[in-house]
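Here is a short briefing on strands, helices and charged pairs. Please keep the model open while reading.

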Amino acid sequence: MKTIAIIATGGTIAGTGENGKTVAYHAGEIDVGQIIQSIPIINDIADIQSYQLFNVDSNEMDEKCWIILSNKINELVMDNSIDGVVVTHGTDLIEETAYFLNLTLNTSKPVVITGAMRPATATSADGPYNLYQAIALAVNDEARGKGVMVLFSNTIYSGRDVQKVNNYKIDAFDQKSFGCLGYMQDNDVYFFSNTFKKHTVHSIFAGIYQTLPQVGIAYFYGGADESILYQLAKNHQGIVIAGSGNGNYSQKWLETINELSKQGIVFVRASRVPLGIVFDDHIFDPLEHCIAANTLSAQKARILLMLALSKSYEVSQIKEFFREY
């Protein structure tokens, strides 16, 4: 029987509230051991080693937590007795953690992240079943080399493309226009596609980190003042623009971007539109100071830019990273 390491970080899956209710609960209250005990069937599919790394609402997960989590997983997968890793996590930031791990983990072993939309004390809590399926996915031979995956509501998503699309229903995730990687029925796994972007063992960013460059996000809207960019530039090395349409913004923003680029600030153009792709645009970026985010959301583009700036400040090199990852 394979051995799976479960790393708990908190979230709704470990949340408690009024018995039976799905609202007004506190995330990150229950120890991972209690959650595991509520799913005795997992003992039929894997030997479990559990680690309570954090126990917080996922909105408390930041770069420091991501580094600690990534370094811990990179340490665990070096152990030949560990066959895969499952991370329990809050849903609000699960997509960001998934992408960070997808870029920084140096392993082909399955790594699966899961969580819940209902707290553990709710009627029909979805966390135990999601965790059961995540473990079943992690022990499946076909899950090797797929990069970091998110398992939620019988569906397998890639860590690069998964996004939270609903803040209410238990089927809360999607993978933009790419479709999912596959589905699960109980503990049976059915893969239908792969991600073709570089990840894990093929990632130049895989490894151990201590700190990361600071990158902020500026959300453009009608009438947005360009002073937002000046403020971010004071303590950030990079700025992601969540622009309209194809990552667009006003002429005043363009002038400010050009000015700050000369001072060494690196800019990425993403879009506030949930579907589509951001291409290079010589109208909105005639001096080619901005890097197109491709299909990455602003929050995921921020993660890639942080890691990219840890390797290079050359815009041409970072553009290549955004094409490859």
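Helices (H or I, at least four residues) and strands (E, at least two) are DSSP runs, numbered from the N terminus. Gln163 sits in strand E7 (residues 163–164). This is a predicted model: local features need pLDDT of at least 70, side-chain atom pairs count only at pLDDT 80 or more, and totals for chains, interfaces and linings use all residues. Residues are numbered from 1 along each chain as its sequence is written, and side-chain values use heavy atoms, with hydrogens and water left out.

- Eight strands form an open sheet with mixed pairing, in the order E2-E1-E3-E4-E5-E6-E9-E10; two strands pair if DSSP finds at least two bridges between them.
- Strand E2 (47–56) and strand E10 (188–191) stand at the edges with a single partner strand each, so one side of each has no neighbour in the sheet.
- From one strand to the next, the twist averages 25°.
- Strand E1 (residues 3–10) runs parallel to E2, joined by seven bridges.
- Ala5 has Gln49 in E2 as its bridge partner.
- Helix H2 (residues 63–76) lies across E1, E2, strand E3 (84–88) and strand E4 (111–114), at about 165° to E2. Axes are lines fitted to C-alpha atoms, for helices over the stretch in contact, and angles run from 0 to 180 degrees between N-to-C directions.

- Strand E11 (residues 215–219) and strand E12 (residues 238–243) pair in parallel over five bridges.
- Tyr219 stands opposite Ala242 in E12.

**Gln163**

- Gln163 is buried at 12% relative accessibility. Buried means under 20% relative accessible area, exposed over 50%, and partly exposed in between (1.4 Å probe, protein chains only).
- Leaving out residues up to four places away in sequence, Gln163 touches Glu95, Ala172, Phe173, Asp174, Lys176 and Pro274. Contact means heavy atoms within 4.5 Å.

**Salt bridges**

- The count is seven salt bridges, each a side-chain nitrogen of Lys or Arg within 4 Å of a carboxyl oxygen of Asp or Glu.
- Arg302 bridges to Glu63, with the closest N and O atoms 2.9 Å apart. Arg302 lies in helix H7 (residues 298–309) and Glu63 in helix H2, so the pair ties together parts 239 residues apart in sequence.
- Arg302 is buried at 14%, and Glu63 is buried at 17%.
- Arg160 and Asp161 form a salt bridge (2.6 Å, N to O). Both Arg160 and Asp161 are buried.
- Lys198 and Glu324 meet in another (3.6 Å, N to O). Lys198 lies in the loop between E10 and E11 and Glu324 in helix H8 (residues 315–324), so this pair links parts 126 residues apart in sequence.
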